[in-house]
Amino acid sequence: MEPRFFTLEQTALYLNVSKPQVYALARSGELPAVKIGGRGIWRVDRHKLDQWLEELEERTKQWAKANPLNPKDGTNRLTFD
């Protein structure tokens with residue numbers, strides 16, 4: 001059975017980023033996470049993590065559309081002139 005909650009280390013592995021990056025995202029509130037217990041052990045709900053990634057993907061699409069690589073013609077093609 002796969003656990004519902006990931007540790008910050010497991011989350012970092014899942015996202016292929018460093019543990020300090022995951023901690024910073026959780027601490028800032030950008031990454032949905034909870035602190036459990038008196039020592040404040042961080043956990044990330046894997047379902048909310050997947051939802052967050054889907055939302056992040058959509059925001060990235062919108063950003064890429066608003067910031068094309070080639071602003072002359074509005075495309076996202078790389079040009080090598």
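The paragraphs below go from the order of the elements to the sheet, the helix contact, the core and a few residues.

This is a predicted model, in which local features need pLDDT of at least 70 and side-chain atom pairs count only at pLDDT 80 or more, while totals for chains, interfaces and linings use all residues. Residues are numbered from 1 along each chain as its sequence is written, and side-chain values use heavy atoms, with hydrogens and water left out.

The protein chain has 3 helices and 3 strands. Helices (H or I, at least four residues) and strands (E, at least two) are DSSP runs, numbered from the N terminus. Read from that end, the elements follow the order β-α-α-β-β-α. Of the 81 residues, 19% count as buried. Buried here means under 20% relative accessible area, exposed means over 50%, and partly exposed lies in between (1.4 Å probe, protein chains only). Contact means heavy atoms within 4.5 Å. Among the contacts in the protein chain with a separation of 6 or more, 38% come from residues 24 or more positions apart.

The sheet comes next. Strands of a sheet pair through backbone hydrogen bonds, either parallel or antiparallel. Two strands count as paired if DSSP finds at least two bridges between them. In this model, 3 strands form an open sheet in the order S1-S3-S2, with antiparallel pairing. Strand S1 (5-6) and strand S2 (34-36) stand at the edges with a single partner strand each, so one side of each has no neighbour in the sheet. S1 is joined to S3 by 2 bridges, and Phe-6 stands opposite Val-44 in S3. On the other pairing, S2 and S3 are antiparallel over 3 bridges. Lys-35 stands opposite Trp-42 in S3, and the bridge partner of Ile-36 in S3 is Ile-41. The hairpin of S2 and S3 has 4 residues between the strands, and in this hairpin Gly-37 takes a positive phi near 80 degrees.

Two of the helices can be described as a pair. Two packed helices are described by the angle between their axes and the distance between the axes. The axes of helix H1 (residues 8-15) and helix H3 (residues 46-66) come within 12 Å and cross at roughly 40 degrees. Axes are lines fitted to C-alpha atoms, for helices over the stretch in contact, and angles run from 0 to 180 degrees between N-to-C directions. H1 gives Thr-11, Tyr-14 and Leu-15 to the contact, and H3 gives Leu-49, Asp-50, Trp-52 and Leu-53. These residues divide into 5 nonpolar, 1 polar and 1 charged. In this count Ala, Val, Leu, Ile, Met, Phe, Trp, Tyr, Cys and Pro are nonpolar, Asp, Glu, Lys and Arg are charged, and the others, Gly among them, are polar.

Which residues make up the largest nonpolar core? It has 11 residues: Phe-6, Leu-8, Ala-12, Leu-15, Val-22, Ala-26, Leu-31, Trp-42, Val-44, Leu-49 and Trp-52. A nonpolar core is a set of buried Ala, Val, Leu, Ile, Met, Phe, Trp, Tyr and Cys residues joined through side-chain atoms within 4.5 Å. H1, helix H2 (19-28), strand S3 (41-45) and H3 each give two or more residues to this core. H1 gives the most, with 3 residues.

Leu-31 lies in the loop between H2 and S2, and is buried because its relative accessibility is 1%. Leaving out residues up to four places away in sequence, Leu-31 touches Thr-11, Val-22, Leu-25, Ala-26, Val-44, Leu-49 and Trp-52. Leu-31 and Lys-48 are 17 residues apart in sequence and 9.0 Å apart in space, C-alpha to C-alpha.

Is Thr-11 buried or exposed? Thr-11, which lies in helix H1, is buried, with a relative accessible area of 0%. Apart from its neighbours within four places in sequence, Thr-11 is in contact with Phe-6, Val-22, Leu-31, Val-44 and Leu-49.

Tyr-23 has its place in helix H2. Tyr-23 counts as partly exposed because its relative accessibility is 37%. Not counting residues up to four places away in sequence, Tyr-23 touches Leu-8 and Trp-42.
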